[in-house]
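Open the model in your viewer and keep the selection panel at hand. The stops below go from the whole chain to single residues.

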Amino acid sequence: MSVTAATSPSVGSFHPCRRSTRPAALPRFRISVRSTAVSVTPLVTELRKDCATPLPLLRHVADAMAADMRAGLAVEGGSDLKMILSYVDSLPTGNEKGLFYALDLGGTNFRVLRVQLGGKEGRVIATEFDQVPIPKDLMFGTSEELFDFIASGLAKFAQNEGNKFHLPTGTKREIGFTFSFPVKQTSVDSGILIKWTKGFSVSGTAGRDVVACLNEAMERLGLDMRVSALVNDAVGTLAGARYWDDDVMVAIILGTGTNACYVERVDAIPKLQDHASSSGSTIINTEWGAFSKGLPLTEFDRDMDAASINPGEQIFEKTISGMYLGEIVRRVLLKMAQADELFGDSILEKLSTPFVLRTPDLCAMQQDTSDDLQDVGSILYNVAGVESNPSARKIVVEVCDTIVKRGGRLAGAGIVGILQKMEEDSKGVIFGKRTVVAMDGGLYENYPQYRTYLSEAVTELLGDDSAKNVVIEHSKDGSGIGAALLAAANSKYHSYDS
Ligand code: BGC
């Protein structure tokens, strides 16, 4: 099966910072920028101060996260955190068998996957997937256009099912639909889109059941498949990770956007009425991207938020996730260029373009260990259209590091907030034994400095004793297999009780 390369046209994607594919080097003779280190220093110092995340601040953020979780569980609309019920009450057991599909819409790429599950013995017998970038115009088009595009991608993929995959006669192909936007679930296989995030602004979907939107598009194409689970990517990640490891209790997405979900006891959810769960627990999708308390924000964050398509919303997401880190840095650099001629007399047209600098560019610049920061110079020149001398480049790297450090450490504080809340409810359940936090998303996967800052903050907050029981681990399969497993667990045709 071919895997289309993920060359997304959009601002939201996050690809690995591969040094081998770095832009062509800036010719040395073009560098004629005078030294600017001295005049820019006050701005850098101020930025560092404004973005600082000392331990007391992190502790405050973790506490506020835990308090917001409780408030969101108490009553609908009780806090910034929606604390959405996923209707996933039982996680994969390993007994799941058969052919299942997963469809993943959540960032700038759309993924389809099929998996043949072989139960406890066979586990994952075969998988195939395909990935296509979502054309930018569809992110701003109509609901019908977007779902038609998805359904036709799915139809094409389903046509080429090889002989490693077997569908029992008399059954339909079942799909786990990962839809990574805030959805008010109405059952395990239906849910209403609350609003778009991550730069999507598709008309006609908010307020509608997204499974119905997909079903209608499949009908228009004559594609006879059945959605048996609608899941958020964080929930899919939790399910996928739990399939391999029983100690997984929390899943975090750090990619274009961000989110967290965790296993909650049903009796700790006051707003829950008439929901019976045989396991006594359920998965809560926190939608933590909407968290906003106690964050160290700067004028650059505020300006970016004001210019966004969702001002005042998703503030945590705008501070810590891959879609926004590059844009915050761009805004800082533009100010330094305008106020203090950081890039000499370079023309600032490109650097003035929103989202021209992407988080993978920051990542690539931070991997440059050369004395004169040649890679940084090339990226600044090729991506942002500015010339730089080594001291300006040093400042650029410092700005990247400041913004990335703030993001990683705040993400770490958020994780501790969740663990803290769970531990407060049942002493020993988290810190008294091994607890795994499953991580997924390109930002976490591909940005080493971000990962380090995140785990340092977790250890600082928890202290060595508790921290040694908490394992923060990149999830092996991501949300795709997890969604397929949840489709299996909720299949109309099979039952997998252990
Ligand atoms: C969405 C979440 C999603 C997260 C990560 C956020 O913008 O609101 O539903 O899980 O991005 O993809």
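This is a predicted model: local features need pLDDT of at least 70, side-chain atom pairs count only at pLDDT 80 or more; totals for chains, interfaces and linings use all residues.

Residues are numbered from 1 along each chain as its sequence is written, and side-chain values use heavy atoms, with hydrogens and water left out.

**Whole chain**

Start with a cartoon view. The chain has 16 helices and 13 strands; these are DSSP runs numbered from the N terminus, helices being H or I with at least four residues and strands E with at least two. The radius of gyration is 23 Å, close to the 23 Å from the globule rule for 498 residues, so the chain is as compact as a globular protein of that length. That radius is taken over C-alpha atoms, and the rule is 2.2 Å times the number of residues to the power 0.38. Along the principal axes, the C-alpha atoms fill a box of roughly 75 × 50 × 40 Å.

Switch to a surface. Its accessible area is about 19,100 Å², with 51% belonging to carbon and sulfur atoms; areas come from the Shrake-Rupley method with a 1.4 Å probe, and for residues only the protein chains shown count as cover. Buried residues make up 60% of the 498, where buried means under 20% relative accessible area, exposed over 50%, and partly exposed in between (1.4 Å probe, protein chains only).

**Nonpolar cores**

Select Leu254, Trp288, Leu333, Met336 and Tyr450, which touch the most other members of the largest nonpolar core, a set of 122 residues. Such a core joins buried Ala, Val, Leu, Ile, Met, Phe, Trp, Tyr and Cys residues through side-chain atoms within 4.5 Å. Helix α13 (residues 390-425) supplies the largest share of this core, 16 residues. Next, show Val112, Ile134, Phe157 and Cys213, which are among the 38 residues of a second, separate core.

**Ligand site**

Which residues are closest to the ligand? Among the 14 residues that surround the ligand, Thr197, Lys198, Asp233, Glu287 and Glu317 are the closest; a residue is near a molecule or strand if one of its heavy atoms lies within 4 Å of it. The protein covers 98% of the 310 Å² of accessible area that the ligand has on its own.

**Asn259**

Select Asn259 in strand β10 (residues 258-265). Asn259 is buried, at 4% relative accessible area. A polar atom of its side chain lies 2.9 Å from the backbone nitrogen of Glu287. Not counting residues up to four places away in sequence, Asn259 touches residues including Asn232, Glu287 and Trp288 (contact means heavy atoms within 4.5 Å).

**Asp301**

Move to helix α8 (residues 299-307), where Asp301 is found. Asp301 is buried, with a relative accessible area of 7%. Its side chain makes a polar contact with the side chain of Thr298 (2.7 Å). A polar contact is a pair of N or O atoms within 3.5 Å; within protein, one must be able to donate a hydrogen and the other to accept it, and residues adjacent in sequence count only if both atoms are side-chain atoms.

**Arg123**

Finish in the loop between α3 (119-122) and β4 (124-133), at Arg123. With 18% relative accessibility, Arg123 counts as buried.
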